[in-house]
Amino acid sequence: MISKRRIIIMSKLAVYDKHDSIKDFRKNNYFRHDYVYKMNMSLRFFVLIGAVIIALFYLLHKLAINNIDIFEIDIQGEIKVVLIIAAILLVLYTILGTIKFNLDYEHTMKRIKRYQALLNLLDKSEIPAEGGTAKKAEPKSRRGAEKR
């Protein structure tokens, strides 16, 4: 007879394998600090690209819509404002990203530990194998002789 408890454990393992295992084991390849650093670097890169694009649209808006001549714009003042805003955004997103990526890594490690615990529970001899009850190992006789 198949154990109901064993089927439940195997079902939980299969659901984890289907939904979360690939991304969790990719994150598990890194130490926490390395994972957070890598993710923050990509976040900073995209924030910087976004800030540059917004700054270009702002300058194009001033030139095209407001019909201001390029020589009338205080470029140095505009660049300083854009750099200050970009620096503030980078610091803000770095702090928020560090918190988020640390939490993601922590949740990943909890799921992996739960997965390992379920695997260990499945391997234990307390759970009966398919087709019967679990047998405890019989103690061997000291002489090793068989009964006649």
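Tutor: A salt bridge is a side-chain nitrogen of Lys or Arg within 4 Å of a carboxyl oxygen of Asp or Glu. Keep in mind that this is a predicted model.

Student: How many salt bridges does that rule give here?

Tutor: Side chains of opposite charge can pair when their charged atoms come close. In this model the count is five.

Student: Which residues are linked in a network of salt bridges?

Tutor: The network joins Asp20, Lys23, Asp24 and Arg111. Look at Arg111 and Asp24. Their side chains meet at 2.7 Å, N to O. Arg111 belongs to helix α4 and Asp24 to helix α2 (residues 21-27), so this pair ties together parts 87 residues apart in sequence.

Student: What about salt bridges inside one helix?

Tutor: An α-helix has 3.6 residues a turn, so residues three or four places apart point the same way. Now the cases in α4. Asp104 and Lys100 form a salt bridge at 2.7 Å, N to O. They sit four residues apart in helix α4, about one helical turn. Lys100 is partly exposed, at 44% relative accessibility.

Student: Where do Glu106 and Lys110 lie?

Tutor: Both are in helix α4, again four residues apart, about one turn. Glu106 is partly exposed, with 32% relative accessibility.

Student: Now the nonpolar side. Which residues make up the largest nonpolar core?

Tutor: Such a core is a set of buried residues joined through side-chain atoms. Here the largest one has twelve residues, including Ile9, Leu13, Tyr35, Val36, Phe101, Tyr105 and Leu122. At least two come from each of α1 (4-19), α3 (32-64) and α4 (75-123). α4 gives the largest share, seven residues.

Student: What is Tyr35 in contact with, beyond its neighbours within four places in sequence?

Tutor: Tyr35 touches Lys27, Tyr30, Phe101, Asp104 and Tyr105. Among these, Phe101 and Tyr105 are also members of the core.

Student: How do I read the span of α3?

Tutor: Compare the end-to-end distance with the expected one. α3 has 33 residues and reaches 48 Å from first C-alpha to last, close to the 48 Å expected at 1.5 Å a residue. Its buried residues include Tyr35, Val36, Asn40 and Lys62.

Student: Where is Ser3, and what does its side chain reach?

Tutor: Ser3 is in the segment before α1. At 13% relative accessibility, Ser3 counts as buried. Its side chain reaches the backbone nitrogen of Arg5 at 3.4 Å.

Notes
Residues numbered from 1 in each chain as written. Predicted model: local features only at pLDDT ≥ 70, side-chain atom pairs only at ≥ 80, totals over all residues. Heavy atoms only, no water. Core = buried A, V, L, I, M, F, W, Y, C linked by side-chain atoms within 4.5 Å. Buried < 20%, exposed > 50% of the residue type's maximum accessible area, 1.4 Å probe, protein only. Contact = heavy atoms within 4.5 Å. Polar contact = N/O pair within 3.5 Å; in protein donor to acceptor, adjacent residues only side chain to side chain. Expected span 1.5 Å × (residues − 1).
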